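Here is a briefing on one protein chain. Sequence and structure come first, then the main points by topic.

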Amino acid sequence: MSVVLENLTVSYQRHPAVHHVSGEFADGEATAIFGPNGAGKSTLLKAMVGALRPDSGRAVMSHRRADIAYLPQQSEIDRSLPITVEDLVLSGLWHRSGAFGGVGRDGRMRVAEALATVGLSEFARRPIAALSSGQFQRVLFARILVQDARLILLDEPFNAVDAKTTYDLLALVRRWRAEGRTVIAVLHDYEQVHAYFPYTLLMAREVVAWGKTETVLTDANLRRAVERAAHWQDRAPVCRVDGEAA
């Protein structure tokens with residue numbers, strides 16, 4: 001199953017955030033989307049899942065919607081909802097049971113197993129509003145485990161999360177790779193990318209380099225990414241889509 005970007009462009013108020021990005025993600029592998037602040041990394045991921053509408057181009061995914069798990073940044077999730085940890089993890093089964101469908105014994109066993117995997121077996125009845133950032137991120141990863149998706153998209157999944165939680169959740173990324181799932185994650189930690197993500201898309205609003213991590217994250221490419229990001233921020237050209245007159 002492939003994920004292909006075809007000339008994808010996304011802009012805010014006519015200024016480019018993602019500019020003519022084309023390429024294919026390695027199937028069954030883990031790819032990091034990496035680059036300087038303001039490089040368009042999260043914007044690209046949101047456009048891929050349909051949360052943002054591209055100005056031009058498209059993201060082509062051969063996966064069914066039920067086979068795609070998307071984890072946004074924690075700051076975009078409303079944690080004031082009066083639901084328990086178990087309720088949130090159970091929502092990972094909605095693509096099978098429907099939002100109002102019943103969840104049988106097998107489903108609840110899967111939830112229990114997922115919570116055990118992320119080290120939160122005793123938290124099932126706790127309201128999500130009472131969790132720390134690290135605990136909440138573990139719950140969100142448990143939801144992905146229950147969903148059993150083949151394509152997993154993560155937007156800065158380790159931001160503001162403690163070191164122990166980060167280590168444990170990166171072990172899940174390694175497990176998903178071993179299972180042949182495709183993982184695409186927006187990251188800002190160079191060491192995490194090198195240790196856990198064999199492929200990298202280096203961005204500065206446009207593609208700087210894309211391929212195997214050891215050949216992408218070179219000093220020369222990283223300097224080029226910083227220079228391009230500064231160029232975009234300084235000049236901020238108006239984006240014209242294909243076929244539009246200058």
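**Briefing**

Asparagine 7 lies in strand S1 (residues 3-12); helices (H or I, at least four residues) and strands (E, at least two) are DSSP runs, numbered from the N terminus. This is a predicted model, in which local features need pLDDT of at least 70, side-chain atom pairs count only at pLDDT 80 or more, and totals for chains, interfaces and linings use all residues. Residues are numbered from 1 along each chain as its sequence is written, and side-chain values use heavy atoms, with hydrogens and water left out.

**Confidence**

- The chain averages a pLDDT of 89, and 90% of the residues score at least 70; pLDDT is the predictor's confidence in each residue, from 0 to 100.
- Over residues 241-246 the pLDDT falls below 50. This stretch makes eight contacts in the model beyond near neighbours in sequence; a contact means heavy atoms within 4.5 Å.

**The chain as a whole**

- Nine helices and nine strands make up the chain's secondary-structure elements.
- Of its 246 residues, 48% count as buried. Buried means under 20% relative accessible area, exposed over 50%, and partly exposed in between (1.4 Å probe, protein chains only).
- The chain exposes about 12000 Å², with carbon and sulfur atoms supplying 48% of that area. Accessible areas come from the Shrake-Rupley method with a 1.4 Å probe; for residues, only the protein chains shown count as cover.
- Take the contacts between residues at least 6 apart in sequence: 71% of them join residues at least 24 apart.

**The six-stranded sheet**

- An open sheet of six strands runs in the order S5-S6-S7-S3-S8-S9, with mixed pairing. Two strands pair if DSSP finds at least two bridges between them.
- Strand S5 (68-71) and S9 are the edge strands, each pairing on one side only.
- The twist averages 10° from one strand to the next. Axes are lines fitted to C-alpha atoms, for helices over the stretch in contact, and angles run from 0 to 180 degrees between N-to-C directions.

**Strand S3**

- S3 and strand S7 (residues 182-186) pair in the parallel sense over four bridges. Threonine 31 stands opposite isoleucine 184 in S7.
- With strand S8 (residues 199-203), S3 also pairs in the parallel sense over four bridges. In S8, threonine 200 is the bridge partner of alanine 32, and leucine 201 is that of isoleucine 33.
- Five of the five residues of S3 (residues 30-34) are buried, so the strand is largely enclosed by the rest of the structure.
- In a regular strand the side chains alternate between the two faces of the sheet. Both faces of S3 are covered: Ala30, Ala32 and Phe34 are buried on one side, and Thr31 and Ile33 on the other.

**Helices against the sheet**

- Helix H1 (residues 41-49) lies across S3, S5, S6, S7 and S8, at about 145° to S6.
- H5 lies across S5 and S6, running at about 175° to S5.
- Helix H5 (residues 133-147) has 15 residues and reaches 21 Å from its first C-alpha to its last, close to the 21 Å expected at 1.5 Å a residue. The expected span is 1.5 Å times one less than the number of residues.
- Twelve of the 15 residues of H5 are buried, so the helix is largely enclosed by the rest of the structure. Among them are Phe136, Leu140, Phe141, Ile144 and Leu145, as well as Gln137, Arg138 and Gln147.

**Positive phi values**

- Most residues other than glycine have a negative phi.
- Asparagine 7 has a phi near 50°, a positive value in a residue other than glycine. Asparagine 7 is partly exposed, at 24% relative accessible area.
- Phi of alanine 160 is near 60°, again positive in a residue other than glycine. Alanine 160 sits in the loop between strand S6 (151-155) and helix H6 (163-178). Its relative accessibility is 64%, so alanine 160 counts as exposed.
- Just after H5, aspartate 148 takes a positive phi of about 60°.

- Alanine 204 lies in the loop between S8 and strand S9 (207-212). Alanine 204 is buried, with a relative accessible area of 0%.
- Alanine 204 and glycine 35 are 169 residues apart along the chain, yet 6.1 Å separates their C-alpha atoms.
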